Protein chains: 2
Amino acid sequence: MTTEEAAQTGAGRHQEQDRAQGCGPGCGQEQELDVFAQLCPSREMFAELADKWSMLILMSLSACGPQRFSELQRAVGGVSRKMLTQSLRHLERSGLVLRTVFPETPPRVVYDLLPLGRELAELVAPLGRWTERRALQMLAAREEFDAAHAGPAQ
Amino acid sequence: MTTEEAAQTGAGRHQEQDRAQGCGPGCGQEQELDVFAQLCPSREMFAELADKWSMLILMSLSACGPQRFSELQRAVGGVSRKMLTQSLRHLERSGLVLRTVFPETPPRVVYDLLPLGRELAELVAPLGRWTERRALQMLAAREEFDAAHAGPAQ
DNA sequence: CCCTTCGGTCTCCAATGTAGACCAGGTCTC
DNA sequence: GAGACCTGGTCTACATTGGAGACCGAAGGG
């Protein structure tokens, strides 16, 4: 095995083969969970949370408090009913969000953060704020990049 | 307009119509950027960053330092070459990651975080760690949810 | 009686992601 | 010197995902 190559640039700290492949059989109670490992349950959770819509929903619930379905749809610009439903179900299923149905007519359904969801929302919110703060800078970098990569070809 | 309804549960703080629709024309220098607004440039950036692969790449580069293409592919379990290339290009284009080609044979390409990327990685890493810490708890919530929603139907 | 509202679901169709073949072009082996 | 590597991609098929819009059921209004 050519481990020397990996050492050159300092890689390969996560997934030392055992974690990457294992983590299914035998990683029940110990914190052998590793988001980098394809088969690890934590990766599955991460994939569900590291998503545009889920994050925006969490941010909206965190910033504006409990909201009903249609409010969320208005708050999270551009989300389709299908994706909103799906993301909310995921969040509900994982114990991050509470769904409360008021059996009125027309039906009223209110979503709110559970403690676990609030915890996560507080990690996600900074990410949204950072993006807003740095968006113009990144946009500028893009233009520079595009100029540098489309221009010199001529 | 039925604004009273929105007020009931306390929604609609972001995107007061002007921000949601505008933000394209006329929001150049002011921080009118809003990730919740579908057409806002910051939303576009957010959508690119709030992604499984981009986040895992940032986390890997942050945790293990500069890495070459194939190292990243091994580190980020399950990523396809196509998605790895695409995500890295996005990150490079936005000024988060530096791509360095060493014209040796076989070719060697090393990716590293730029200051902007390091900043973001430091917000993303806690999210990964949180997921690992809470994964089992969320998994348990799932089972409970599934039991409560599949069982009673019978 | 029909129309509207709410919170979805269902059905398409377009876009996105994955798997795997291919490629350049230099080295190593035979 | 003819293959068989190696890397860092790209290209091509195919499966999965996401979006747009129709539909729904029960209550209420005109």
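Let's start with the two protein chains. In this predicted model, 62 residues of chain A are in contact with 61 residues of chain B. Which parts of chain A do the touching? Seven elements each give at least two residues to that side: α1 (3–9), α3 (41–49), α4 (52–64), β1 (67–68), α5 (69–75), α6 and α7 (115–150). The largest share comes from α7(A), with 17 residues. What kinds of residue are on this side of chain A? They divide into 32 nonpolar, 18 polar and 12 charged.

Now chain A by itself. How many helices and strands does chain A have? There are 7 helices and 3 strands. Follow the sequence along and you read α-α-α-α-β-α-α-β-β-α. Chain A has 154 residues, and 37% of them are buried. Next, contacts inside chain A. Take those with a separation of 6 or more. Of these, 39% join residues 24 or more positions apart.

On to the DNA. How many residues surround DNA strand D? The number is 17. The closest come from both chains: M83(A) and T105(A) on one side of the list, S70(B), P106(B) and V109(B) on the other. Which elements give two or more residues to this surface? From chain A, it is α6 (81–93). From chain B, they are α5 (69–75), α6 (81–93) and β3 (108–113). As for residue type, the surface near DNA strand D has 7 nonpolar, 4 polar and 6 charged residues.

Look back at α6 of chain A.

Conventions:
Residues are numbered from 1 along each chain as its sequence is written. Chains are lettered from A and ligands numbered from 1 in the order in which they are written. This is a predicted model: local features need pLDDT of at least 70, side-chain atom pairs count only at pLDDT 80 or more; totals for chains, interfaces and linings use all residues. A residue is near a molecule or strand if its C-beta atom, placed from the backbone, lies within 6 Å of it. Helices (H or I, at least four residues) and strands (E, at least two) are DSSP runs, numbered from the N terminus. Ala, Val, Leu, Ile, Met, Phe, Trp, Tyr, Cys and Pro count as nonpolar, Asp, Glu, Lys and Arg as charged, and the others, Gly among them, as polar. A residue is buried if 20 or more other C-beta atoms lie within 10 Å of its own, exposed if 12 or fewer, and partly exposed in between; C-beta atoms are placed from the backbone. Two residues are in contact if their C-beta atoms, placed from the backbone, lie within 7 Å.
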